[in-house]
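Visitor: Hi, I have a protein open on my screen. Can you walk me through it?

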Amino acid sequence: MGKASKDKRDIYYRLAKEMGYRARSAYKLLQLDEEFGIFKGVSRAVDLCAAPGSWSQVLAANLWLKGEAEAEAATAAAQGGSEEVRIVAVDLQEMAPIPGVKQLQGDITSLSTAEAIIDDFRGGRADLVVCDGAPDVTGLHDIDEYIQAQLLLAALNITTHVLADGGIFVAKIFRGKDVSLLHSQLRLFFRRVAVAKPKSSRNSSIESFVVCQGYQPPPGFSPSMLTPLLDHKASGLPGAHQLLGQCKCIVPFVASGDLSGFDAEPGALEDPEAAGDSAQHSAAMLSKVQLGEGSERRADSGQ
Ligand SMILES: C[S@@+](CC[C@H](N)C(=O)[O-])C[C@H]1O[C@@H](n2cnc3c(N)ncnc32)[C@H](O)[C@@H]1O
């Protein structure tokens, strides 16, 4: 079955259409908020890799005062944003305008785009940075995971320039063998790091999201767009080599969104082959959540 027809029978695709979201991904961000309360107290946000814009739509709807006239939001955005709310969205591709969202077109891995975002904040700080970036997948797992990690690296680099202390960073990852390394290194910058799988993210997809709360860069850390943060050989940061022997950690893994809510792949139950995969996945996910609860304590106390 082609991708388009699979999407069309999907409940989140239909809900997104109904609610006027540009993509079903909107529900992933909403479900992450349901689990972690990431919008609470946020007035300044950056949406990296934002096109076609459903996450920006969700941010605009949640950060601008509910009920505020769209025109008012648009006017404030045209005037450079209000003091209270600022949302900046960036993507390689052009996006149709969204009231209340300032848009920048560019590659987040390039220095000039990063500088444009940082300039746009004029020394101001964001409470939340989200990144749903995805390269065109090659189907070669290791390569896809590597490119995804590069996007995350670029997003984190930008984040270190604009995120306020205590702020939140949410980014898409492809879960693979390096997830512990990623978790350990993100823990250098954030007090709490979890890997979450929203209910609307397909079971068959290896995507998950890191939800990093409580931004707290290491003492003496100075943000630079030229230093690859997650390359432990280059970082020289204390604690960067923490993955050997007993220092290895199990990454907290959280299923988010109402677990009795809509399943992104209900059809899988009708397909015996897929049903097998799905059942195995559910069992695995449950055990990971249980492991995650214990290891969260361990990760918090151990690092
Ligand atoms: C899955 S889509 C994002 C969907 C979006 N969150 C939404 O809800 O509408 C991934 C986006 O990442 C963007 N992207 C991939 N690599 C990028 C890069 N290096 N710089 C900027 N955007 C990038 C792509 O252009 C694509 O629009």
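This is a predicted model: local features need pLDDT of at least 70, side-chain atom pairs count only at pLDDT 80 or more; totals for chains, interfaces and linings use all residues.

Visitor: Which strand is Ser208 in?

Guide: Ser208 sits in strand E7, residues 207-215.

Visitor: And what does Ser208 touch, apart from its neighbours within four places in sequence?

Guide: Ser208 is in contact with Ile173, Arg175, Val195, Ala196 and Lys197. There is also a distance to look at. Ala171 is 37 residues from Ser208 in sequence, and their C-alpha atoms are 8.4 Å apart.

Visitor: Okay, Arg191 next. Is that one buried or exposed?

Guide: Exposed. Arg191 counts that way because it has 12 C-beta neighbours inside 10 Å, and 12 or fewer means exposed.

Visitor: Where does Arg191 sit?

Guide: In strand E6, residues 190-198. Leaving out residues up to four places away in sequence, Arg191 touches Gln213, Gly214 and Gln216. Pro217 is 26 residues from Arg191 along the chain, with 9.4 Å between the C-alpha atoms.

Visitor: What about helix H8? Which residues are buried there?

Guide: H8 covers residues 179-186, and its buried residues are Leu182, His183, Ser184, Gln185 and Leu186.

Visitor: What do those pack against?

Guide: Strands E5, E6 and E7.

Visitor: Why does Lys172 count as buried?

Guide: Because 21 other C-beta atoms lie within 10 Å of Lys172, and the cut-off for buried is 20 or more.

Visitor: Who are the contacts of Lys172?

Guide: Skip its neighbours within four places in sequence. Then Lys172 is in contact with Cys131, Asp132, Gly133, Ala134, Glu207 and Phe209.

Visitor: Switching topic. What surrounds the ligand?

Guide: There are 22 residues around the ligand, and the closest are Ser25, Cys49, Ala51, Ser54 and Asp132. Asp132 is also a contact of Lys172.

Visitor: How does that shell divide up?

Guide: Into 12 nonpolar, 6 polar and 4 charged residues.

Visitor: Tell me about Cys49. Where is it?

Guide: Cys49 is in the loop between E1 and H4. Cys49 is buried, because 23 other C-beta atoms lie within 10 Å. Check its backbone too. Phi of Cys49 is near 60°, a positive value in a residue other than glycine.

Visitor: What about the peptide bond from Ala51 to Pro52, is that cis or trans?

Guide: Cis, with omega near 0°. Pro52 lies in the loop between strand E1 (44-48) and helix H4 (54-63).

Visitor: Now the inside. Which residues touch the most others in the largest nonpolar core?

Guide: Leu48, Val129, Ala155 and Phe169, in a core of 66 residues. Nonpolar side chains tend to be buried together in soluble globular proteins.

Visitor: What does Ala155 touch?

Guide: Beyond its neighbours within four places in sequence, Ala155 is in contact with Leu48, Ile108, Cys131, Gly133 and Ala171. Cys131 and Gly133 are contacts of Lys172 as well.

Visitor: Last one. How many helices and strands are in the protein?

Guide: The protein has 10 helices and 8 strands. Of its 303 residues, 38% are buried. Now take contacts between residues at least 6 apart in sequence: 72% of them join residues at least 24 apart.

Technical notes. Residues are numbered from 1 along each chain as its sequence is written. A nonpolar core is a set of buried Ala, Val, Leu, Ile, Met, Phe, Trp, Tyr and Cys residues joined through C-beta atoms within 7 Å. Two residues are in contact if their C-beta atoms, placed from the backbone, lie within 7 Å. Helices (H or I, at least four residues) and strands (E, at least two) are DSSP runs, numbered from the N terminus. A residue is near a molecule or strand if its C-beta atom, placed from the backbone, lies within 6 Å of it. Ala, Val, Leu, Ile, Met, Phe, Trp, Tyr, Cys and Pro count as nonpolar, Asp, Glu, Lys and Arg as charged, and the others, Gly among them, as polar.
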